[in-house]
Amino acid sequence: MTDETPIESPENTPDPRMLELLVCPLTKATLHLDRQAQELVSEQAGLAFPIRDGIPILLVEEARRL
């Protein structure tokens, strides 16, 4: 991937059907997709999980605190 690849490109965006199935690993609450930041946000847990190369990383150790 080059620096010129747009964030919204298909290879960087997770499948919407998959996103409907994903939940926060701590609270089991629904996750909200932040397309701009390329993160899945758990409001209940106060965490934002990164999406790297179109793959959600649902590890608490990798999450950013809100």
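Predicted model: local features only at pLDDT ≥ 70, side-chain atom pairs only at ≥ 80, totals over all residues.

Q: Why is Ser-42 called buried?
A: The cut-off for buried is under 20% relative accessible area. Ser-42 has 0% relative accessibility, so Ser-42 counts as buried. Ser-42 lies in strand β2 (residues 39-42). Leaving aside neighbours within four places in sequence, Ser-42 is in contact with Cys-24, Thr-27, Leu-31, Leu-47, Phe-49 and Leu-66.

Q: What makes β3 a largely enclosed strand?
A: Five of the six residues of β3 are buried, so the strand is largely enclosed by the rest of the structure.

Q: What makes Leu-19, Leu-33 and Leu-40 members of a nonpolar core?
A: A nonpolar core takes buried residues of types such as Leu, joined through side-chain atoms within 4.5 Å. Leu-19, Leu-33 and Leu-40 are among the 11 residues of the largest nonpolar core, which also includes Phe-49 and Ile-51. Strand β3 (residues 47-52) gives the largest share of this core, three residues. Leaving aside neighbours within four places in sequence, Leu-19 is in contact with Pro-14, Leu-33 and Leu-40. In soluble globular proteins, nonpolar side chains tend to be buried together.

Q: How do you know that β2 and β3 pair?
A: Pairing needs at least two bridges between the strands. Four bridges join β2 to β3, and the two strands run antiparallel. Leu-40 stands opposite Phe-49 in β3. The two strands form a hairpin with four residues between them, and Gly-46 in the turn has a positive phi of about 70 degrees.

Q: Which other strands are joined to β3 by two bridges?
A: Two bridges join β3 to strand β5 (residues 64-65), and two bridges join β3 to strand β4 (residues 55-56). Each count meets the cut-off of at least two. Both pairs are antiparallel. Ala-48 has Arg-64 in β5 as its bridge partner, whereas Ile-51 stands opposite Pro-56 in β4. The hairpin of β3 and β4 has two residues between the strands, and Asp-53 takes a positive phi near 55 degrees.

Q: Why is the contact of Glu-39 and Arg-64 called a salt bridge?
A: The limit is 4 Å from a side-chain nitrogen of Lys or Arg to a carboxyl oxygen of Asp or Glu. The side chains of Glu-39 and Arg-64 meet at 2.8 Å, N to O. This pair links distant parts of the chain, with Glu-39 in strand β2 and Arg-64 in strand β5, 25 residues apart. Glu-39 is buried, because its relative accessible area is 10%. Arg-64 is partly exposed, with a relative accessible area of 41%.

Q: How many salt bridges does the structure hold?
A: The structure holds three salt bridges. In one of them, Arg-52 pairs with Glu-62, the closest N and O atoms being 2.8 Å apart. In another, Arg-17 pairs with Asp-15, with the closest N and O atoms 2.9 Å apart.

Q: Why is Arg-17 called exposed?
A: The cut-off for exposed is over 50%. Arg-17 has a relative accessible area of 62%, so Arg-17 is exposed.

How values were computed. Residues numbered from 1 in each chain as written. Heavy atoms only, no water. Buried < 20%, exposed > 50% of the residue type's maximum accessible area, 1.4 Å probe, protein only. Contact = heavy atoms within 4.5 Å.
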